[in-house]
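Dear colleague,

I am handing over the structure below, and my notes on what was found in it follow directly after.

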There are 4 protein chains.
Amino acid sequence: MIHIDFRDPRPIYEQVYDALRNLIVSGVLAPGEKLPSVRELASTLAINPNTIQRAYRELESDGYLCSVPGKGSFASGSDAARSAHRRELLDRFCALAEELRAAGVSDENMIRAIRGGERT
Amino acid sequence: MIHIDFRDPRPIYEQVYDALRNLIVSGVLAPGEKLPSVRELASTLAINPNTIQRAYRELESDGYLCSVPGKGSFASGSDAARSAHRRELLDRFCALAEELRAAGVSDENMIRAIRGGERT
Amino acid sequence: MIHIDFRDPRPIYEQVYDALRNLIVSGVLAPGEKLPSVRELASTLAINPNTIQRAYRELESDGYLCSVPGKGSFASGSDAARSAHRRELLDRFCALAEELRAAGVSDENMIRAIRGGERT
Amino acid sequence: MIHIDFRDPRPIYEQVYDALRNLIVSGVLAPGEKLPSVRELASTLAINPNTIQRAYRELESDGYLCSVPGKGSFASGSDAARSAHRRELLDRFCALAEELRAAGVSDENMIRAIRGGERT
DNA sequence: GTGGTCTAGACCACG
DNA sequence: GTGGTCTAGACCACA
């Protein structure tokens, strides 16, 4: 379900965060669907429960899921969360486009890169 | 010449690295031009010389810089370095475009974001 | 009759407690009126009976409720309970007003917030 | 400087959070001023460093301070943070006023409570 | 069983 | 020295 790369310099809790967020915003985890419990996911991924919990906590504070003590954690899947995610990606996208322009890449080349994926 | 933001979560050596690399690939520092010495730049920016040293070291190992022991460091305006930089930016750009597409953003909206900066 | 929000971070027994207490102090449940049984309310709300039990227990110990073994639970519309509730709310209200004052909000702005709801 | 009540049901990290936030928004900790290090505050309060760090992390994510790896943590003191705090207090204030009104307390009585502090 | 807090102690990157 | 991540294991309240 989720793959963690221990050689990735990014912290583990962040990898878990991203993976779960993607599952939620993409709809693989339907709104209201129950996520694996902290302990369960921890033992599945062979990761300390505290690390998983941190990912869950941040997902909750960002509105991607909802933890109910004693019951479990549930995907939020709110449209607000989804559009917030889009917005964040677009911001990074524009910043990168700015850098590319500064590096001398024309808008046409960027558009070609988007369309074709031919990165020559 | 360079501005360091202590509030930026990125490590300082990385900020210095980016700033100098941008000056080099943009041509502000002409090929072969001498850069300030490590100690000089360190005192100018009020930063630990070790930090500057690391930025210089990585710039050299990435081919943006050429250090001559006893003489100083010189900008290497090689086209290879410049195009490598562009290549790296374009790769990240395409990856982001892929993510945006997965998030339901159309190519047209991305192009509009690049062009107008109107992030609707 | 009662609405439980599973997204609410507050424990469920507390939500039930508050909801019933409000019904009692507002007079919707007249003094002496019989409340639904624990099991009945639990099945209505699809909640564990233990959770309802706890809410009832605390309501009784706070004087809002009167349980008669074998007969049921009855609203205790005593003025004492009502004014105790008001007293508790007023205490929290004054404490908050104190904090607001410390944060630089004038009494006039607080009064305006109470009256108009315009939170400028 | 800070007092922690171990008998308080609220989590310790939250008590630390509130205490530091108050010091910052009240200006006791001037903008840019260095806060005690995580380890230092932890040993001063006889609390585990992880607990302090969580408070610091949340303060940073809420914009009240700025942590620089290797250098320390610094009060932000931005006006934005201060007004965000006021806004949050005012929201709770209005919600409480609503509850009081539902409990049968007149606006005049609330205003009297604010002004005089006579909670009779 | 669940989520949540806390501790103790280790390790890392940064300056 | 600093902040940051991670682990291991304990305890609590809630359902």
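D:Arg10 is exposed, because 10 other C-beta atoms lie within 10 Å (exposed means 12 or fewer other C-beta atoms within 10 Å of the residue's own, with C-beta atoms placed from the backbone). This residue, D:Arg10, sits in the segment before helix H1 (12–25) of chain D, where helices are DSSP runs of H or I with at least four residues, numbered from the N terminus. From D:Arg10 to D:Ser78 there are 68 residues in sequence and 27 Å in space, C-alpha to C-alpha.

Please keep in mind that this is a predicted model, in which local features need pLDDT of at least 70 and side-chain atom pairs count only at pLDDT 80 or more, while totals for chains, interfaces and linings use all residues. Residues are numbered from 1 along each chain as its sequence is written, and chains are lettered from A and ligands numbered from 1 in the order in which they are written.

Turning to chains A and B, a rotation of 178° with 0.3 Å of shift along its axis superposes chain A on chain B, with an RMSD of 0.4 Å (by least squares on the C-alpha atoms of residues with pLDDT of at least 70 in both). The two copies are thus related as by a two-fold rotation axis, and in chain A the C-alpha nearest that axis belongs to A:Ile111, 3.1 Å from it.

The contact (C-beta atoms, placed from the backbone, within 7 Å) takes 25 residues from chain A and 25 residues from chain B. On the side of chain A that touches chain B, H4(A) gives the largest share, 13 residues.

Best regards

Definitions and conventions: Helices (H or I, at least four residues) and strands (E, at least two) are DSSP runs, numbered from the N terminus. A residue is buried if 20 or more other C-beta atoms lie within 10 Å of its own, exposed if 12 or fewer, and partly exposed in between; C-beta atoms are placed from the backbone. Two residues are in contact if their C-beta atoms, placed from the backbone, lie within 7 Å.
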